[in-house]
Amino acid sequence: MPAAYDVTVDSGAEMEHDFRPNRTKYWKVFLTFARNSLVRDMTFRTNFVLQCISSIGWTLMNVGFYLIIFQYTTSIGADSGWDRDKFFLFIATTWFINSLVQAFFMPNAEEFSELIRTGGLDFALLKPIDTQFLVSFRRVDWSALSNFAAGFVIALVALYSLANRPVDPMVPSLVSILLYVIFVACGVIIMYSLMICLSATSIWLGRNQTLYNFWFYITNFSRYPMEIYNRGWGRPLYGFFTFVIPVLLVVNIPARILARPISPQTWQDQLLIGWGLIATILSLWISRWVFKRALLSYRSASS
Amino acid sequence: MLSPETTTQTTSQRLRWKLSLWRAILSTALGERLVYRGDFALGTLMRFLPIITQIFLWYAIFDSIEATQGGSLKNTEIRGFHFTDMVAYYLLTMIARAFSSMPGLASGIAREIRDGEIKRYLIQPIDLISFLLLTRIAHKMAYYAVAILPFALVFFLCRDYFTSGWPSWPVLAAFAGSLIMGFMIGFFLEAAIGMIGFWFLEVSSLLFVYMLFSFFLSGHMFPLTMLPDNVATFVNLLPFKYLAYFPAAIFLGKIPEEDLPLELAIEACWLTFFIVVCRIAYARGVRRYSGFGG
C-alpha cells in the first residue's frame, strides 16, 4: 500500500484490506489519533504541565473577576434569575464546552488551513477515510482538558452552594443532568460546525488569520446569558446569534437546563430547547455541505 | 568600542549621523507596517466587538443593582462608576492598550538571544535597546495612522457614553502624558522581561504569567477601584495600572485634578526604574553572553 497510509500508524495494517471503514473502525482510528497526541504531549512533559498551569491561571482570573462583580450585584440582569451560584454554573458550562472544542477541534482547524496552504491536504484526500473526519480529529490537545477539570470544580462548588443556601435551595434532578450532558454535546457540535465552516473558507481565501480572530470574537457572545442582549439595539444581535449563527444557544441551553434561572420552565425555554436540537442538526449538516463544496474548489499547492 | 576616527568627530557630526540612522529605522518600520493596511484596519475594527458584550453585560449588572436598590440607572453606581462611565472606561482602556501593549517584544528579544542573532548588535554600532525602541515607535505610529479611522468611528458611535464630555485641557495633557509614559513603561518592562533570556533560555511560560498578571492588574478586565479595599491599595502601588487603568481614569476624571502632578511624577519614577533595570539587565546579560558560529 502507498506510504500515504502511515498516519494511522498501527490500525493501518487492518485497514489495508477494508476500503469501507465502518463505525468501529472510525472509533479505532480516533483512539489512535488520541493516543499519538498523548504520546506527543508527554514527550514535552514540562511544557504540558506549564500549559495546564497557565490555563488554570486564566480560569482563576475569570473566577476572580466574576466574584468581584457579585460583590456589587446579586444577579446578572434584573429578574433574570442569574444569581451568583447559578451564574457560576453558567461559567462552568462555558468552560466545559470551550475546553472540549479547544482539546479536540482547535488544533485541527489550525492545522487544516496550514494543510491547504502547503498542499498537504493531498495526502488527507488520498486516504480511504472520510476527509472531514481525518481533518477534524487528527490531533488532540490534552492540556486543554485541564480547563474541563477546572470547570468541573467550579460546577461542584456552585452546585454545593446552590443546594445548601438558605434562600431558594435547589438540587438538579437526574433528568436535567442527563439533558445537560446531551446539550453540552450539542453545544460542542454547534461550535465544531462553525469552526469547520470558517476553516473551510481558507480553501477559497488561501489564508484566514483574521477568520480565527473572527471565531474568537463571535464565540465571545456566547459567554453570557442570552437575555442580556434582548433589549434595544441588542435585539438584532440576539436574533442573529440565536437563529443565523446560533452561538447563543451553545452555552445558554445546557446552562438553563441545569441552573433553572427561572423555574418552573416557561414555554419559551422549551421552545428554545427544541430549536437547540434543530439548530445542532442543521449546523452539522450545513458545515458538512460547506466542507464538501470547499473541497471541490481545492487546488493543490506546489507541484 | 570607539575607533580613533569617531572620537575625533565633532558632536554635531555624531548627532547628525544618529539622526539619519533613526530616520532610516523609522521609515523602514513604517513601510513594513503599511503593507497590509486593509486587513489591519478591519482587524482593528473587529477588536472592538468584545466591547459590545461588555456593554450588555454591564447594563445587565447595573440594571439588577438598580432593581434591588431602587433609584434610576443614572444614579446607580459601582465605586463611582456609572453605567456610561463603565463603557467609556472599556473604550479608553483600548486606547491605553494601543499605547502600552508590546506584542512580541519580550519573546522577540529572548529568541534573538537564543538564536544568537543578538550578536549583530554587539558588533554593529547600534544599541539594541534604542534600536528596538525606535522600531517600536515606528510600528506604533504606523498602527495609529491606520487605526485612527476605526477608533474614531467607534468612539463617534459611542459618544453618548462619555456623559461629561471632553475633560479640561490640563486633564487632557495629563492623559496624553500618561499614554506616552504608558508606552515607555510597557516597552521597558517587557524589554527587561525579554532580557531574562540571557539567564534562562525558555521564557515563554514566564511571559504568559506576566501577561495574565498584567491583564488582571492593569485594569484591562475591570476598573481597579472595584477591587476590595485592601487589595486595591496594594495593586495601586504596582506599576501595572499605568498600562491601562491610569490613563482611562485620568480621562474620566476619576483621579482628582490636584493629585495629577504627583501621580504623574510617581509614574515617571516607575519609568526611570524600568529604564535602569532594563539597561543593567542588558549590560549584565551581554557580559554573560557567549556567541558561537556565524
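A: Let's start with contact: two residues touch if their C-beta atoms, placed from the backbone, lie within 7 Å. Helices (H or I, at least four residues) and strands (E, at least two) are DSSP runs, numbered from the N terminus. Residues are numbered from 1 along each chain as its sequence is written, while chains are lettered from A and ligands numbered from 1 in the order in which they are written. This is a predicted model, where local features need pLDDT of at least 70 and side-chain atom pairs count only at pLDDT 80 or more, though totals for chains, interfaces and linings use all residues.

Q: Which residues of helix 3 of chain A meet helix 8 of chain A?
A: On the helix 3 side you'll find A:C52, A:S55, A:I56, A:T59 and A:V63. Their partners in helix 8 of chain A are A:S146, A:N147, A:A150 and A:I154. Sorted by class, this contact has five nonpolar, four polar and no charged residues. For the classes, Ala, Val, Leu, Ile, Met, Phe, Trp, Tyr, Cys and Pro are nonpolar, Asp, Glu, Lys and Arg are charged, and the others, Gly among them, are polar.

Q: At what angle do the axes of helix 3 and helix 8 of chain A cross?
A: Two packed helices are described by the angle between their axes and the distance between the axes. The axes are lines fitted to C-alpha atoms, for helices over the stretch in contact, with angles from 0 to 180 degrees between N-to-C directions. Here, helix 3 (residues 45–72) and helix 8 (residues 145–164) of chain A cross at roughly 35 degrees, and their axes come within 9 Å. That crossing is right-handed. Picture the near helix turned from the far one by less than a right angle: clockwise is right-handed, anticlockwise left-handed.

Q: How do helix 12 and helix 13 of chain A pack?
A: Helix 12 (residues 247–259) and helix 13 (residues 267–296) of chain A meet at an angle of about 135 degrees, with axes 10 Å apart. They are therefore oblique to each other; under 35 degrees would be roughly parallel, over 145 roughly antiparallel, 65 to 115 roughly perpendicular, and the rest is oblique. Helix 12 of chain A passes helix 13 of chain A in a left-handed crossing. From helix 12 come A:L249, A:I253 and A:R256, which meet A:D269, A:L272, A:I273, A:G276 and A:A279 in helix 13 of chain A. By class, that contact has five nonpolar, one polar and two charged residues.

Q: Is A:D168 buried or exposed?
A: We count C-beta atoms, placed from the backbone: a residue is buried with 20 or more others within 10 Å of its own, exposed with 12 or fewer, and partly exposed in between. A:D168 has 11 such neighbours inside 10 Å, so it counts as exposed. A:R260 has 19 within 10 Å, so it is partly exposed. Back in the loop between helix 8 and helix 9 of chain A sits A:V171, which is exposed because it has 9 neighbours inside 10 Å.

Q: How many helices are there in chain A?
A: Chain A has 13 helices and zero strands. Chain B comes to 13 helices and zero strands. Of the 303 residues of chain A, 37% are buried; for the 294 residues of chain B, the figure is 33%.

Q: Which helix of chain B gives the most to the side that touches chain A?
A: The contact takes 26 residues from chain B and 27 from chain A. Helix 3 (37–46), helix 4 (49–69) and helix 10 (204–217) of chain B each give two or more residues to chain B's side. Helix 4 of chain B gives the most, with 12 residues. Chain B's side divides into 19 nonpolar, five polar and two charged residues.

Q: What is the mean pLDDT of chain A?
A: pLDDT is the predictor's confidence in each residue, from 0 to 100. For chain A the mean is 84, and 89% of its residues reach 70 or more. Over residues 1–17 of chain A, though, the pLDDT is below 50.
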